[in-house]
Amino acid sequence: MTVAATVDLAVVIVNYETGDWLARCLASIEAARGDITADVIVIDNASRDGSADAADTTGVRLIRNPTNRYLSPAWNQGAAEVDAPFVLFLNPDTEWFKGTLADLLGAARRHPRAGIVGPMLRNPDGTIYPSGRRFPSLANAVGHAFVSPISRDNRFTRRYEMEGWDRTTEREVDWVSGACMLFRRAAFDAMHGFDEAFPLYAEELDIATRLRDAGWSVVFTPEVEVIHAVGVSTGGDRRPHRLVVMHSASLYRYYRLHRAAGWRRVTLPLAWLALRVRAEVAWLVGKVRR
C-alpha cells in the first residue's frame, strides 16, 4: 500500500470518461481547500477520452487502471492508498459551490458519531437535489420505483425524499448521495469499506445501512454546497441497457440483504421480477423522451 504522510483529509475521486469535468472538479476543490491539509488521489477506470490527464497537470496523485473496475472497487482501491482520519469520496462530475473542505470537516467533528457527512447538492441549474433521504419502506420503495420514472411528483417519492424539509438545516438522515460523502475513517474501516458486490449502484445506501445498524449516524449539512451533474460517467438518461440491468441487480441485492428478513424472504422472486420490469420500463421511458 502506498501511504502519504498523515493529513487532515484525503479525497478519493474515481474517474471514467468525464470530459472536462474532472479538471473543473480538481480546480474547485483546490480553491475550496480552506485551512486544512488534504491528500487528493484520482483512480481512473481506463478512460479513453483524455480526462484523466487533468490529474497529471494539477499534480494530484493518479492511478490508471487497465480496465474499468467500476465504482465501489475503485473507491476501496483509493481508500487503501491514503492515510487520513477522514476520507472524502467525491464524484468527478462535481464542483464545490459554497463553503470549504474545512467546513465539511468541521461538521464531521461536531458530530463524533457521524460515520458519514454529506453536503447540500445542487443540480447545474441551481435547484436543490434531494440528497439526504429516508430508508424506503416496502410500500414507498415499490411506489417510488414504478411511478418516479414517469413522474417524480407522487406521494411515494415525496415521502422517500423527505417532503417538507427544505434542506437548509443540519440534521441526521438515513443516507446521503454518493456524489459527495465524507467518511470518518474509523467508521469506514469498521465496515470494511464498500461492498464491491454493489459495483456501481446502491453502494452508498448499503454502507449507510450497515453504519446505522452498527450505531453510527449519517448527517446532512447545508454549510457546504456542491454542484453535481448527475450521470456524466454513466450517460445520464442515455445510459446503456447493461447499466440499467446493473442498477436493478444492485437494488435487488440491497433488498435481499437489508429489507427481506423473516416473512419477506418469500417476496424475493417477486422483488427480482418487479425490479427487472421497473428497469425495462425506465429504460423505455428514457428512449421515448429522447
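**Loops, cores and helix packing in the predicted model**

Ala46 sits in the loop that links strand S2 to helix H2. In this predicted model, Ala46 has a positive phi of about 60 degrees, although it is not a glycine. With a relative accessible area of 22%, Ala46 is partly exposed; the cut-off for a buried residue is under 20%. The phi of Tyr70 is positive, at about 65 degrees, and Tyr70 is not a glycine either. Tyr70 counts as partly exposed, at 25% relative accessibility.

Turning to the chain as a whole, the model contains 10 helices and 10 strands. Of its 290 residues, 54% count as buried. Among contacts with a separation of 6 or more, 78% are accounted for by residues 24 or more positions apart.

In soluble globular proteins, nonpolar side chains tend to be buried together. In this model, the largest nonpolar core has 43 residues, of which Trp75, Phe89, Ile116, Phe183, Phe194, Ile207 and Leu211 touch the most other members. Looking at Phe194 in detail, and not counting residues up to four places away in sequence, its contacts are Ser72, Trp75, Asn76, Phe89, Met181, Phe183, Phe188, Glu203, Ile207 and Arg210. Another core, of 33 residues, lies apart from the largest one, and its members include Leu22, Ile36, Val42 and Leu182.

One of the contacts of Phe194 is Asn76, a residue of helix H3. Asn76 is buried, with a relative accessible area of 14%. Once neighbours within four places in sequence are set aside, Asn76 is in contact with Phe188, Gly193, Phe194 and Glu196.

Asp195 and Pro73 are separated by 122 residues in sequence, yet their C-alpha atoms are 8.1 Å apart in space. Leaving out residues up to four places away in sequence, Asp195 touches Ser72, Asp206, Arg210, Arg253 and Leu257.

Several of these partners lead on to the packing of helix H8 (residues 203–213) against helix H9 (residues 241–259), whose axes are 10 Å apart and meet at an angle of about 10 degrees. H8 is therefore roughly parallel to H9. On the H8 side, the residues in contact are Leu205, Asp206, Thr209 and Arg210, which meet Tyr254, Leu257, His258 and Arg259 of H9. By type, the residues of this contact are three nonpolar, two polar and three charged. Asp206, Arg210 and Leu257, which belong to the contact of H8 with H9, are also among the residues touched by Asp195.

Conventions: Residues numbered from 1 in each chain as written. Predicted model: local features only at pLDDT ≥ 70, side-chain atom pairs only at ≥ 80, totals over all residues. Heavy atoms only, no water. Axes fitted to C-alpha atoms, helices over the stretch in contact; angles between N-to-C directions. Helix = DSSP H or I, 4+ residues; strand = E, 2+ residues; numbered from the N terminus. Parallel < 35°, antiparallel > 145°, perpendicular 65-115°, else oblique. Contact = heavy atoms within 4.5 Å. Nonpolar A, V, L, I, M, F, W, Y, C, P; charged D, E, K, R; others polar. Core = buried A, V, L, I, M, F, W, Y, C linked by side-chain atoms within 4.5 Å. Buried < 20%, exposed > 50% of the residue type's maximum accessible area, 1.4 Å probe, protein only.
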